[in-house]
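Please brief me on this structure.

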Amino acid sequence: MAGGYEDNLFIDAPPESVQCPVCLLVLREPQVLSCCGVHICQPCIESIDDLQQSCPCCRETNYEYMINKQKRSEIWSLKVYCENSEEGCEWTGELSGLERHLNSAKCPLKYCRHGCGGEYSPYDLQSHEEDECHLRPFDFQKVKQSMNKVASTLEDKYERGNEKMNKKMEIVRKNIRNELTVVKSRMKYSLMCILMVLSCIIAYQFYHIHVLKGEFYHLQ
């Protein structure tokens, strides 16, 4: 699917402020970037995000994006022709009503370009030709993007799992350090107690043997 709306869809030339800097078409579901404030089509920025590329305007690698409803309302208020105007449909109106018109019985159906024989409204035809038709050509780029997205999701889950495991291991290490500190403290006091007992025994023996028996009397 193309990023934005084709310029020839609009009755009057759209202002430059609603042009996507990536596909150079009128913004479709305009997304505002957190890094530089530029507006980009949702299909365009999702393709860039799937490939994990930097911002196409300021080259920032860490950014977020979200829908700008005010900008979308501005674009939806622009006057457009029917996408089937070349087939004879004379409908005109605001862009916000185009999808409803294309799904109505007033708009002529179109055949699938892949030759499957199906007839669809222009809105349904696009999704049929790209995602449903059994005769559609194999899109290697779309498969590659899907695989990259799955790989990125698995990598994020693996990193989050490692982060949780590291936190648990840090708690275990802290508990072990605390236990070792307690054991060392107990060993220290136990050793001191043993030395004190030995010193008491030695002192007693010294006093009993030498002092009481009169030996080394001057040591009193």
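Is phenylalanine 10 buried or exposed? Phenylalanine 10 is buried, because its relative accessible area is 5% and the cut-off for buried is under 20%. The model is predicted. Phenylalanine 10 belongs to the largest nonpolar core and also takes part in an aromatic pair.

**Nonpolar core**
- The largest nonpolar core has 23 residues.
- Leu9, Phe10 and Leu95 have the most contacts inside this core.
- At least two residues of the core come from each of helix 1 (42-50) and helix 3 (98-102).
- Helix 1 gives the most, with 3 residues.
- In soluble globular proteins, nonpolar side chains tend to be buried together.

**Around phenylalanine 10**
- Leaving aside neighbours within four places in sequence, phenylalanine 10 is in contact with Tyr5, Val26, Leu78, Lys79, Val80, Tyr81 and Leu95.
- Of these contacts, Leu95 is itself among the core residues with the most contacts.

**Aromatic pair**
- The structure holds 1 aromatic pair.
- Its members are tyrosine 5 and phenylalanine 10, with ring centres 6.5 Å apart.
- Their planes stand at 85 degrees, so the pair is edge-to-face; the cut-off for that class is over 60 degrees.
- Tyrosine 5 is buried, with a relative accessible area of 12%.

**Salt bridges**
- The whole structure has 2 salt bridges.
- One joins glutamate 29 to arginine 72, with the closest N and O atoms 3.1 Å apart.
- Glutamate 29 lies in the segment before strand 1 (31-33) and arginine 72 in helix 2 (residues 69-76), so this bridge ties together parts that are 43 residues apart in sequence.
- Glutamate 29 is partly exposed, at 23% relative accessible area.
- Another joins glutamate 74 to lysine 71, where the closest N and O atoms are 3.8 Å apart.
- Glutamate 74 and lysine 71 are separated by about one helical turn, because they are 3 residues apart in helix 2.
- Glutamate 74 is partly exposed at 34% relative accessibility, whereas lysine 71 is buried at 13%.

**Nonpolar surface patch**
- Val172, Ile176 and Leu180 make a nonpolar surface patch of about 260 Å².
- Isoleucine 176 lies in helix 5 (residues 140-211).
- Isoleucine 176 counts as partly exposed, because its relative accessibility is 47% and exposed requires over 50%.

Technical notes. Residues numbered from 1 in each chain as written. Predicted model: local features only at pLDDT ≥ 70, side-chain atom pairs only at ≥ 80, totals over all residues. Heavy atoms only, no water. Patch = residues over 30% accessible without salt bridge, like charges linked within 9 Å, V, L, I, M, F, W, Y side chains within 5 Å. Areas by Shrake-Rupley, 256 points an atom, 1.4 Å probe, with all protein chains shown as cover. Salt bridge = Lys/Arg side-chain N within 4 Å of Asp/Glu carboxyl O. Helix = DSSP H or I, 4+ residues; strand = E, 2+ residues; numbered from the N terminus. Buried < 20%, exposed > 50% of the residue type's maximum accessible area, 1.4 Å probe, protein only. Core = buried A, V, L, I, M, F, W, Y, C linked by side-chain atoms within 4.5 Å. Contact = heavy atoms within 4.5 Å. Phe/Tyr/Trp six-rings, centres within 6.5 Å; stacked < 30°, edge-to-face > 60°.
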